[in-house]
Amino acid sequence: MYMALKYRNELKFMINYHQYFTIRQRLKALMKRDQHAGPDGEYHIRSLYFDDIGNKALDEKLGGVSDRIKYRIRIYNMEDKVIHFEKKIKRNEYIAKVKESLTRSMVDELLHGNIEVMNVPDKPLFAELYDEMKHRLLRPKVIVDYVREPYVCANGNVRITFDKELRSGLSSTDLFDGELGAVRALDENFIILEVKYDEYLPGYIRDALQLEGLQRQSASKYVICRKFIKMNSWEDQ
């Protein structure tokens, strides 16, 4: 069984570059840059999302189901030093994550169709994934690429990120393909702002964000990128 899950608030907004520059300028005086960011204050994220034979994760998001889960493998800056298989759990406005480390060889085996690498009974997440892969045909669906600019604050355990250059890997599932022909999945004038925090968002940060003037983001990066794969009837509706 998993340890007790830690749920956090998660708010998403779609902003333009003018809003981005304004909000970022305010946050720089109030928050610190994430220690994992590079010299330019950013890092690259690539996620390979999984879904089952019935596209449950996709359908539940499109159907507005408030309680849902997604599975993904995530890497940073196209490196294989840190690889995680993550389960993201959504409960209304709250999220929790469960993750396990993977080796590059495990990923390679998995992408070649060998689901037995997930048959690790003493690791609950792997055991769950193995069951989903065996009985619900959970499989890789789409690569999601973007550049993240993160800011953090210990007060309230706040993490604010600007996600830029969202791209879809289309039908490719080769996570480490440096020549992946990813296509832009979001208009270049838009950025996704994510605000995550524990019990409270400090007032001075809330004032800097001026959230009431921003457009809430309803579609997930997974859904946005899946819509570029013309394989399902819902995509042309």
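**Notes on salt bridges and a surface patch**

1. Asp34 and Arg159 form a salt bridge whose closest N and O atoms are 2.3 Å apart, a salt bridge being a side-chain nitrogen of Lys or Arg within 4 Å of a carboxyl oxygen of Asp or Glu. Because Asp34 lies in the loop between strand E2 (32-33) and strand E3 (43-51) and Arg159 in strand E8 (residues 158-168), the pair ties together parts that are 125 residues apart in sequence. Both Asp34 and Arg159 are buried, where buried means under 20% relative accessible area, exposed over 50% and partly exposed in between (1.4 Å probe, protein chains only).

2. This is a predicted model, in which local features need pLDDT of at least 70 and side-chain atom pairs count only at pLDDT 80 or more, while totals for chains, interfaces and linings use all residues. Residues are numbered from 1 along each chain as its sequence is written, and side-chain values use heavy atoms, with hydrogens and water left out.

3. The side chains of Lys196 and Glu194 also meet in a salt bridge, at 2.6 Å from N to O; Lys196 is buried at 10% relative accessibility, and Glu194 is buried at 2%. Salt bridges that share partners join Glu10, Lys12, Lys88, Lys90, Arg148, Asp163, Glu194, Lys196 and Lys221 into one network.

4. Glu149 and Arg24 form a further salt bridge (3.8 Å, N to O). Glu149 is buried, with a relative accessible area of 1%, and Arg24 is buried, with 18%.

5. By the rule given above, the count comes to 25 salt bridges.

Note on methods
Helix = DSSP H or I, 4+ residues; strand = E, 2+ residues; numbered from the N terminus.
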